[in-house]
Amino acid sequence: MQINIYFKQQLVGIFDEDINIVKVGRDFENNIVLQDSKTSRNHLIIIKQDNMYKLRDLGSTNGTFINGKKIKPGVFYNINPTDIIKAGDTILRIDDKYIKRNNKAVIPITIVSGLLVIFLVAFGIFYVGKQFTNYSMQSVITTEIADISDTSGSETDTITSETISSEIIGETTDKTIDEIKSEKTDETINENVLDIESLLPSVVDVYCIYNNGQEGVGSGTVVSKDGYIITNYHIIKDASTITVSSKSNYQLNAELIFSNETNDIALIKLNSTYINVPIFGNSSKLKIGEEVIAIGSPFGLSSTVTKGIVSARRDIINEKLQLNETDYITISIPGAIQHDAALNPGNSGGPLFNKKGELIGINNMGFSLTGSDSGLNIAIPIDLIIPQISFYVN
């Protein structure tokens, strides 16, 4: 997707340093985000989905306009190549011709036909040869057994061997009993692979309207069946209204129950019942290199799953977390989990799971010069959170 960017009515190109158009994250290479380079504030995102362009306002300071009409933040709008998008003094126009020039080349049908014929001939030769080999092996085995029978008499009735000859999909393979047991074990392991989709209902979107009229979005993690949700303090700070949206797309107002600015923890509650609640793990047992899974709503894209490993465990002491141009909080997180599962704005407050699907942390922030994922991300260990919320959550 090519974007022509006009800043104060002057064409400045695609990657201008003053307004900093950046591509977002390793999992969002097709998305384009308009970002303020001075504050790393993301104003809007443009994606291509189902052959349609879609635009979403991420809380632009002065709002986002399509053809002069202001749009509602947090909602995707379909846009056309002829639409004019305006955010502050920046105007964007989509150049659809660029996409057409980059369509994949079509392979001539004659080449395809030729390759198909070659493939079929090669497969036929391979199949005939394989059948001949199988027949020869079976003949040799039959002859050997007959010879043994002639020399051993009745003993052949109790022949035992750890080699079993079996024919699978047209080919004869010799497998030992140990190999067969190993295959059965592999099948059992595959049956026990973590069902990540079963974790998604425990992750929610947290929408806030702040006292200054601006809006923001983050993630939250359901921790009890009676509607208690963990998120980050920096998400709900100075919020006049907190709304939670679940995977089922229903929205409910939430109440702030508890918060700890120093550890960046907040506990909110809904008057709702949840069936899917994650199992708490033990973050103190995490090992460097262990696989972890992050779920959240980067740029408002709900139920996004990323995977990484534990990179380090370190103490975060008096780290300044910038909220906007004028406001920040100072946080301290002893034993913080550093990992490289991709995080972007909107992931904050979402869960971090281990490979067993146990909740071992709440994602907090990432270190980045561009505002998008850099692979240096921090999660609050669940062992630090549990003692603080146990008074409220059973």
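This is a predicted model: local features need pLDDT of at least 70, side-chain atom pairs count only at pLDDT 80 or more; totals for chains, interfaces and linings use all residues.
Residues are numbered from 1 along each chain as its sequence is written, and side-chain values rest on heavy atoms, with hydrogens and water left out.

The secondary structure of the chain comprises 5 helices and 27 strands, taken as DSSP runs numbered from the N terminus (helices, H or I, at least four residues; strands, E, at least two). Of the 394 residues, 40% are buried, where buried denotes under 20% relative accessible area, exposed over 50%, and partly exposed in between (1.4 Å probe, protein chains only). Among the contacts (heavy atoms within 4.5 Å) with a separation of 6 or more, 57% are made by residues 24 or more positions apart. The accessible surface amounts to about 22,500 Å², with 53% belonging to carbon and sulfur atoms; accessible areas come from the Shrake-Rupley method with a 1.4 Å probe, and for residues only the protein chains shown count as cover.

Side chains of opposite charge can pair when their charged atoms come close. With a salt bridge defined as a side-chain nitrogen of Lys or Arg within 4 Å of a carboxyl oxygen of Asp or Glu, the count comes to 3 salt bridges. Lys237, Asp238 and Asp327 are linked in a network of such bridges. Because Asp327 lies in the loop between S23 and S24, and Lys237 in the loop between helix H4 (233-236) and strand S17 (239-245), the latter pair ties together parts that are 90 residues apart in sequence. Lys237 is buried, with a relative accessible area of 15%, whereas Asp238 is partly exposed at 41%.

A further salt bridge joins the side chains of Lys307 and Glu291 (3.5 Å, N to O). This pair links distant parts of the chain, Lys307 being in strand S23 and Glu291 in strand S22, 16 residues apart. Lys307 is exposed, with a relative accessible area of 54%, while Glu291 is partly exposed at 37%.

Patches were assembled from residues with over 30% relative accessible area and no salt bridge, like charges being joined within 9 Å and nonpolar side chains (Val, Leu, Ile, Met, Phe, Trp, Tyr) within 5 Å. A nonpolar surface patch of about 800 Å² is made by Leu116, Phe119, Leu120, Phe123, Phe126, Tyr127 and Val128. One of these residues, Phe123, belongs to helix H2 (residues 109-152) and is partly exposed, with a relative accessible area of 47%. A positive surface patch is formed by Lys285, Lys287, Lys355 and Lys356, with Lys and Arg counted as positive, Asp and Glu as negative, and His and the chain ends not counted; the place of a charge is NZ of Lys, CZ of Arg, CG of Asp or CD of Glu. Lys285, in the loop between strand S21 (279-280) and strand S22 (291-296), is exposed at 62% relative accessibility.

Pro298, in the loop between S22 and strand S23 (304-322), is buried at 1% relative accessibility, and its C-alpha lies 5.2 Å from that of Asn344, 46 residues apart in sequence.
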